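This report describes the model shown below.

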Amino acid sequence: MLKKALLFILFAILLVVGIVLFKTFQFTSVQTKVVALPAPAISEASLQHFQQAIGIKTVSYGNPALFDSTHFLAFRRFLETTYPNMHQRLTREVVAGYSLFYKWEGKNNSLKPVVLMAHQDVVPIEEATQSMWTSDPFSGVVRDNFIWGRGTTDDKINLVSICESVEKLVKESFQPERTVYLVFGHDEELGGKGAIAIAQLMKERNIIAEMVMDEGGIITNEKIPGMKEPVALLGTSEKGYLSIELVVEIPGGHSSMPEKETAIDILTKAIVTLRSHPFEPQFSDPMQGFIKSLGPEMPFVQKMAFANPWLFKGLIISTYDKSAPGSAMLRTTIAPTIINAGIKDNVIPTQAKATVNFRLLPGDLSADVIDRVKKIIGDDRVKIGRLGTTIAEASAVTPMDGYGYQKVEATIKRSYPNLLSSPFLMLGATDSRHFGEVSDNIVKFSPMIDPIGFHGIDERVSLESYRTALWFYEQLLKDLR
Ligand SMILES: [Zn+2]
């Protein structure tokens with residue numbers, strides 16, 4: 001009897017091992033092989049133009065009173081004078097005061113247009129970090145093979161590279177196959193009113209685009225566990241955004257005679273409870289695409305895990321869960337961001353308030369998230385309200401077999417050697433989230449390699465990145481069939 005049981009267990013183990021190995025060997029590359037063409041060197045003029053663009057302080061401040069229109073007008077003039085051929089050939093509309101909307105008529109009107117996006121504005125330099133920069137954030141200095149300054153990575157590399165490529169091609173009397181729209185918003189870092197207005201304009205004009213391309217994923221050489229080759233991460237969806245307010249109001253009083261529970265106690269307990277109940281990890285569509293695209297390229301053990309998520313899902317999750325960005329790829333995140341209570345050291349406040357920010361995985365709807373929060377906190381004394389203006393559900397997922405993904409993938413592989421590609425879930429927000437009604441094919445990708453200091457100190461992008469971006473946009477515009 002025992003022998004039979006042992007034999008059965010042995011058989012079961014062999015079966016599982018057999019299935020795992022079979023699936024691993026069946027898990028073959030889906031990467032399209034494209035031979036890269038060497039990128040030409042950056043011309044002195046192109047480099048200067050990028051540096052000049054960094055020098056113009058198109059800053060988006062949280063406080064609207066600090067908005068300085070002169071910098072945005074200077075940036076517009078800079079574009080007009082630096083790219084005269086582009087401004088002669090393309091039509092341009094100024095929308096929402098400072099956002100720019102260009103149209104470059106294509107040869108073939110039966111083909112749907114494409115939209116290339118980039119934003120003019122940059123985030124401010126935090127007062128406390130000013131002295132920590134190793135050079136003036138608005139100098140655009142070139143040092144150690146990098147171009148340094150606020151806006152180099154986000155997002156002037158894209159804006160300048162697009163303009164450089166268009167200018168060059170117009171000069172050569174080139175006309176694109178499809179009509180090309182350029183959308184340069186002026187307030188992406190504040191939610192994108194400019195981009196919203198341009199998307200609205202396109203809808204009114206019944207313009208449906210074959211593809212929209214905006215900033216997003218990057219080429220990375222080191223950040224994916226197990227990967228040795230460089231990988232282009234093409235954003236195919238963007239997480240949703242929801243902020244809620246938790247409010248507790250119970251009578252306060254003198255701090256010499258505290259009640260068993262105060263408003264602060266109840267609120268902080270609610271936050272701790274919420275944080276200790278993270279959302280379940282899930283493989284969203286972009287994550288499944290990531291597994292399918294990169295799994296077969298990985299060393300054997302990782303490949304085996306990715307080939308058999310039915311068995312190793314837990315292992316994959318625990319690997320990616322270790323880092324904050326990895327964890328954010330797998331679940332709707334919960335982040336308390338503001339907390340307020342009390343006015344004096346000897347007064348127990350009547351009201352305590354907190355703001356909690358959620359970034360929603362595709363498929364997690366804001367209404368369901370709020371229901372879940374109520375259930376987890378499980379305390380009626382904590383009132384839960386949405387914070388008005390910034391709610392957005394996760395964007396639709398761009399299909400990997402659609403025109404947009406295929407075109408961007410092929411073009412970046414032609415622009416940078418030995419590159420693998422993968423879909424990617426964008427954790428941050430971009431202007432292109434407002435274009436869901438303009439196109440089903442929205443690709444969020446910035447053709448640069450491991451940029452540094454995004455939104456932070458010593459923001460910089462390598463010369464190799466700029467060279468790649470220039471080459472990428474030129475080849476893309478030339479190949480819009
Ligand atoms: Zn940006």
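## Burial and basis of the model

A residue is termed buried if 20 or more other C-beta atoms lie within 10 Å of its own, exposed if 12 or fewer do, and partly exposed in between, with C-beta atoms placed from the backbone. By this criterion, 42% of the 481 residues of the chain count as buried.

The model is predicted: local features require pLDDT of at least 70 and side-chain atom pairs count only at pLDDT 80 or more, whereas totals for chains, interfaces and linings use all residues. Residue numbers start from 1 along each chain as its sequence is written.

## Overall architecture

The chain contains 14 helices and 17 strands, defined as DSSP runs (helices H or I, at least four residues; strands E, at least two) and numbered from the N terminus. Its radius of gyration is 26 Å, close to the 23 Å that the globule rule gives for 481 residues, so the chain is as compact as a globular protein of that length. The radius is taken over C-alpha atoms, and the rule is 2.2 Å times the number of residues to the power 0.38. The C-alpha trace spans about 75 × 75 × 50 Å along its principal axes.

Two residues are in contact if their C-beta atoms, placed from the backbone, lie within 7 Å. Among contacts between residues at least 6 apart in sequence, 81% join residues at least 24 apart.

## Domains

The domain assignment, which is automatic or from a database, gives domain 1 (44–216 + 424–478) and domain 2 (240–390). Their centres, taken over C-alpha atoms, are separated by 33 Å. Five residues from domain 1 and 10 residues from domain 2 form the contact.

## Packing of H1 and H9

The axes of helix H1 (residues 2–26) and helix H9 (residues 300–307) come within 8 Å and cross at roughly 100 degrees. H1 is therefore roughly perpendicular to H9, a term for angles of 65 to 115 degrees. Axes are lines fitted to C-alpha atoms, for helices over the stretch in contact, and angles run from 0 to 180 degrees between N-to-C directions.

At this crossing, Val20, Lys23 and Thr24 in H1 meet Lys303, Met304 and Ala307 in H9.

## The surroundings of Asp136

Asp136 lies in the loop between strand S3 (114–119) and strand S4 (142–143). This residue counts as partly exposed because 15 C-beta neighbours fall inside 10 Å. Asp136 and Gly149 are 13 residues apart in sequence, with a C-alpha to C-alpha distance of 7.3 Å.

Definitions and conventions
Angles under 35 degrees count as roughly parallel, over 145 as roughly antiparallel, 65 to 115 as roughly perpendicular and the rest as oblique.
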